[in-house]
Amino acid sequence: MTRAPQQIGTARIAPLSRLPAFFALNGKRVIVAGGSAAATWKAELLSAAGARVDVLAPEPGEDMLALAIAPPYGSVVIARRNWSADDFNGAAVAVADCPNDEAAAQFAAAARNAGVPVNVIDRPAFCDFSFGAIVNRSPLVIGISTEGASPVFGQAIRAKIEALIPQGFARWAAAALAWRPRLRTLALSFRNRRTFWERFTARAMAAPDRTPDEAELDALLAQAPRAGGSVTLVGAGPGDPELLTLRAVRALQSADVILFDDLVSTDILDFARREAKRMLVGKTGHAPSCRQDDINALMISLAKSGRAVVRLKGGDPMIFGRGDEEMAACRAAGIPIEVVPGITTAQGAASRLLVSLTRRGEARRLQYVTGHSRGGALPEDIDWPSLADPTVTTVVYMPTKTLPGLVDAALKAGLEPKTPAVAVISATRADERVIAATIADLPGRLAAEPLAGPVVVMIGRVLEHLQGGANEAAMAPFQRRLPLAK
């Protein structure tokens, strides 16, 4: 059964509690009503952004007075009086520290009547915008909002990000800002501009504390941009997006077109740039699938049209992923191709089960076996004595339909019926399921289960502790999953 490749629309963004936006305030007038410490901090932030800050406060505090003498950037001018409606004329934003909701409502209403966005400190019900926590590597600026629910939580997240972002990134971001006009004069294509910035980013990541100079720019420009299209085979891993490699993420963010399989977790596609075209070229065992020749032809056609094509495959593209056929097709067509390896399903499943597949004293060898030939039947050339070897851990890929025959042949070759085995469905994903049994019992157990998702079967003495109720204990630590930052 075959089906044609089909384009999949970009997933809609999840609901946002706040829209992150950055105000350009350099040289613009803003209002701060109040002279408290909280008002002073907001005035300092606004001055740091280059705003001309008019502070309206009958009794400004010492901190506010000191700020007016030495502002960080834009001027801070204090008027020792209360605010009036006329103060909002021509203002870019308005901020106030109000003693109660009544005063906050009056200030917010006056600002909105004048068409000025308003923030009332610590009173989110009266705010059009919020400040949030800030990581400052200007011109690289990161804002963090909890919608006012927990500023302390936001500050803790800011501290985490501060530790991850080198101070030197400020110099690289400043260089990017300075170099962009020169790059624009070169009239490069979108693809070549992106290639330049990818190289720029790689240098920044490799040497964040170095100060980039014009020689750095010349060196980047001297590298000939890639001409024409290309293909990258990318391993998507077993399903958990956190198991993607950094190189895989970079490939997804550089792609013009992504050709992906049914077994690729949809969460993986969230890492692709939103403009990338997504095409499902479904390949699922024993179900309607796109023909490999059709996938190859589409991949080559897109690359020849100048596109950066990512061929996204579950697990690792070089382990039962037919990556060799796709590489051969690209080479024959003269298309540049590279491979980004992924964590194969066996590794992902073993990590979740807390099992070493080559535990000393119990496994001298690890072997991967396919349970699915080109025609969909059990392969005829499996080395059955190797499956019966008690010192081997065997991982069977694509075993769903052929497992009974495989087990029967392995038992006849001498595999001990009580050998521990485990089937893992949707390994590393949120809906992961594990069935542990002896190898003789596993086919019947698997046949009785409704299966939706990729399946891998592991056989060997290293799995002995997963039999019986021990499996639930082994899996318990993974019931608490950390949220993925995207």
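Buried means under 20% relative accessible area, exposed means over 50%, and partly exposed is in between (1.4 Å probe, protein chains only). Keep that handy for the exercises below. This is a predicted model, where local features need pLDDT of at least 70, side-chain atom pairs count only at pLDDT 80 or more, and totals for chains, interfaces and linings use all residues. Residues are numbered from 1 along each chain as its sequence is written, and side-chain values use heavy atoms, with hydrogens and water left out.

**Exercise 1. Find out whether Thr-428, Asp-122 and Gly-444 are buried, exposed or partly exposed.**

Step 1: start with Thr-428, in the loop between strand E16 (420-425) and strand E17 (433-438). Strands (E, at least two residues) and helices (H or I, at least four) are DSSP runs, numbered from the N terminus. Thr-428 has a relative accessible area of 2%, so this residue is buried.

Step 2: move to Asp-122, in the loop between strand E6 (118-120) and E7. Asp-122 has a relative accessible area of 72%, so this one is exposed.

Step 3: finish with Gly-444, which sits in helix H14 (residues 442-447). At 49% relative accessibility, Gly-444 counts as partly exposed.

**Exercise 2. Work out how H9 and H10 pack.**

Step 1: get the geometry. Helix H9 (residues 292-304) and helix H10 (residues 323-333) pack at about 45°, with their axes 10 Å apart. Axes are lines fitted to C-alpha atoms, for helices over the stretch in contact, and angles run from 0 to 180 degrees between N-to-C directions.

Step 2: name the arrangement. Angles under 35 degrees count as roughly parallel, over 145 as roughly antiparallel, 65 to 115 as roughly perpendicular and the rest as oblique. H9 and H10 are therefore oblique to each other.

Step 3: list who touches whom, with contact meaning heavy atoms within 4.5 Å. Gln-292, Ile-295, Asn-296, Met-299, Ile-300 and Lys-304 in H9 meet Glu-325, Glu-326, Ala-329, Cys-330 and Ala-333 in H10. These contact residues split into 6 nonpolar, 2 polar and 3 charged. Here Ala, Val, Leu, Ile, Met, Phe, Trp, Tyr, Cys and Pro count as nonpolar, Asp, Glu, Lys and Arg as charged, and the others, Gly among them, as polar.
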